[in-house]
Every structure is written in C-alpha cells, then in structure tokens.
Amino acid sequence: MGNLNSESKYESLRLARISENMARLASLGLDKSITELRTLASPSKTSPSKRKCCRKVYDYSSLRRSNRLISQSESVPRRSTRLSGTQISSLQGKGGTSKQKEWKLFEAEERELEERNKISSDALSRRCDSRSRGSLYNPVFGICCHFCRQKKLCGEEDCKHCGNLDNDQPCIGKTSCSVCNSSNGVLCRACLKVRYGEELEEVRANKEWMCPHCIENKGIRPYWICNSSFCLKKRKMVPTGIAIYEAREMGYPSVAHFLMDKLQKKV
C-alpha cells in the first residue's frame, strides 16, 4: 500500500509539472504541436516539372576524311609480291591504270619491309662467331631456346634457315622433339650440353630424340625433369640459376643429372 501511495504522489507531481510547462509555453506562444512546427519549417512539395528533352539533330553532311584516305577510297586489298605480277597482267586487259598504280605502291611497301628484315653481309659473317648459342639476335628468323630464351640465329655454318634466312628450312642448330614438336623441345647447343649433358650432333642423328617433358610424361627416366626456370616455378621449386659449376665440382655431367640425384635423395 505504501508503494501505491508513493506512485500516486509521483504521478500527481508529474502531471502538475506538465500542466505548468504547458501554461508557460502557452504564455510564450509556443503551444503548437511538433507536427505543426514541422509543416511550417518544411516547404510545401510541389510536383516536379517534367524535364524537357531536346532531340539533337545531326548533320547529314559527309564525314571528314584525310586526303590520303580519299585517294585510296577504292583501294585494292594488299597482297604479296608473289601474286602482284599476275594481278597486274590481268588488270592490263581491263584498262585498270589507276589500280596498276596502286599495286605498284603496294609492291614498293612490300619491298621496303623486306629490306628492313634483311641482314647485312657483315652481320651474317659474324653469325658463326659463337657456335654454342649464336651471336646474332634476330626477332624474325631467330628461333627461341626454351631454356635461355635467346632468339638468335644459330652458329652452324651449313644451316640454311639461319644462313639463307629461309623460314621454310629447319634450323639445325636447335633441337626438335620427335614426340611433341613443341617449343618445349627447342634447345640451343650450349643449353643442351650444360643443362642436360647431351651433344647436338648426337641429338641430330637420333631421329627419335625426346625432350625432357616427353621423357617425364612417358615415365622412361624417373626424376629426369626440365630444369628451366619456367618449369621449375610450375613445380614450386626454386630455379637453379648457373648451377653447372656446382654440379661439375660434385662430379655430375650436367645440371639435370645433379637435380635427378637430388630428387631421388629426397624420396
């Protein structure tokens, strides 16, 4: 009962204070409700006006073109010099003099590109200075070694590919796998000797020679793997770098023999 009396006294005091506060607000002119104040504070929302869409009128005049493109508006597709002679002879009977001039321009461009790709006689004479890897870099006719990644002309004197710059002929200074015939089996003389302990003459004589990738896939020689940096990183192994000196000090003929023994000991 005491608690009920105390609560009723508190409620009566609270209501008395509320009535006093309301009377004070009325005397100050602040007896408006909060909602009325909000309506007075916020401006009336008007309906947004529709955005006018102005359609752009494009000019139907001809597009601007350079003089070079205007003169070649009816150009003939570019062809090699091998086909250009027959095409010009066929055009002569049809009276195509303008097309003949265009073909001559194309032939001149083809000859210019061929001259750029040509190697001077002095440079070709230096090709055999380094027989192991070759001493002349060439991005067009050079064949990239899988290990050293040097796109050089080989140093073999009787190589028609590198000596005559003929892409139709094979390079005898690089190996070629008889199974995969891929870039994984392309090795220069120096990398073949240092990394795998094989001679290029023996590989060239063996028509069934296989690269380390194919040897591993067929399971012919356990732990005989490709030790290029690309392939070792794929195996999550640290590349060996120049490990031939350490391998030869330990009595191994090549880096591949050194790694093969090292992997066998881990098992």
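Thr175 lies in the loop between α7 (160-163) and α8. In this predicted model, Thr175 has a relative accessible area of 4% and is therefore buried, the cut-off being under 20%. Two polar contacts tie its side chain to backbone atoms. A polar atom of the Thr175 side chain lies 2.6 Å from the backbone oxygen of Gly185, and the side chain also reaches the backbone nitrogen of Leu187 at 2.9 Å.

Beyond its neighbours within four places in sequence, Thr175 is in contact with Gly185, Val186, Leu187, Leu192, Leu200, Val203 and Trp209.

## The largest pocket

Thr175 is also one of the residues nearest the centre of the largest pocket, together with Cys171, Lys174, Ser176 and Cys177. The volume of this pocket is about 380 Å³, and its lining consists of 19 residues.

By class, the lining comprises nine nonpolar, seven polar and three charged residues. Helix α9 (residues 200-205) makes the greatest contribution to the lining, supplying three residues.

Glu199 is found in the loop between α8 and α9. With a relative accessible area of 28%, Glu199 is partly exposed. Apart from neighbours within four places in sequence, Glu199 is in contact with Leu192 and Lys193. The C-alpha atoms of Glu199 and Arg189 are 7.2 Å apart, although ten residues separate the two along the chain.

## His146

His146 is placed in the loop between β2 (143-144) and β3 (151-153). Its relative accessibility is 11%, so His146 counts as buried. The side chains of His146 and Ser228 are joined by a polar contact of 3.4 Å.

When residues up to four places away in sequence are not counted, His146 touches Ser183, Asn184, Val186, Leu187, His213, Cys226, Ser228 and Cys231.

Tyr196 is found in helix α8 and is buried, with a relative accessible area of 2%. Residues up to four places away in sequence aside, Tyr196 touches Leu187, Cys191, Pro212, Trp224, Ile225, Cys226, Asn227, Ser228, Ser254, Ala256 and His257. Tyr196 and Val255 are 59 residues apart along the chain, yet their C-alpha atoms are separated by 6.3 Å.

Ser254, one of the residues touched by Tyr196, caps the N-terminal end of α13, with a side-chain oxygen 3.5 Å from the backbone nitrogen of Ala256. Helix α13 (residues 255-266) has twelve residues and should span 16 Å at 1.5 Å a residue; the 17 Å between its end C-alpha atoms agrees with that expectation. The buried residues of α13 are Val255, Ala256, His257, Phe258, Leu259, Met260 and Leu263. The elements that cover them include α8 (189-196) and α12 (244-249).

## The chain as a whole

The protein chain contains 13 helices and three strands. Of its 267 residues, 28% count as buried. Among contacts between residues at least 6 apart in sequence, 51% join residues at least 24 apart.

How values were computed:
Residues are numbered from 1 along each chain as its sequence is written. This is a predicted model: local features need pLDDT of at least 70, side-chain atom pairs count only at pLDDT 80 or more; totals for chains, interfaces and linings use all residues. Side-chain values use heavy atoms; hydrogens and water are left out. On a 1 Å grid over the protein atoms alone, a cavity is a set of points where a 1.4 Å probe fits but cannot get out, and a pocket is an open set with protein on both sides within 12 Å along at least five of seven lines; lining residues have an atom within 4 Å of a point. Grid points are joined across faces, edges and corners, and a volume is the space filled by probe spheres set on the points. Helices (H or I, at least four residues) and strands (E, at least two) are DSSP runs, numbered from the N terminus. Ala, Val, Leu, Ile, Met, Phe, Trp, Tyr, Cys and Pro count as nonpolar, Asp, Glu, Lys and Arg as charged, and the others, Gly among them, as polar. The expected span of a helix is 1.5 Å times one less than its number of residues. Buried means under 20% relative accessible area, exposed over 50%, partly exposed in between (1.4 Å probe, protein chains only). Contact means heavy atoms within 4.5 Å. A polar contact is a pair of N or O atoms within 3.5 Å; within protein, one must be able to donate a hydrogen and the other to accept it, and residues adjacent in sequence count only if both atoms are side-chain atoms.
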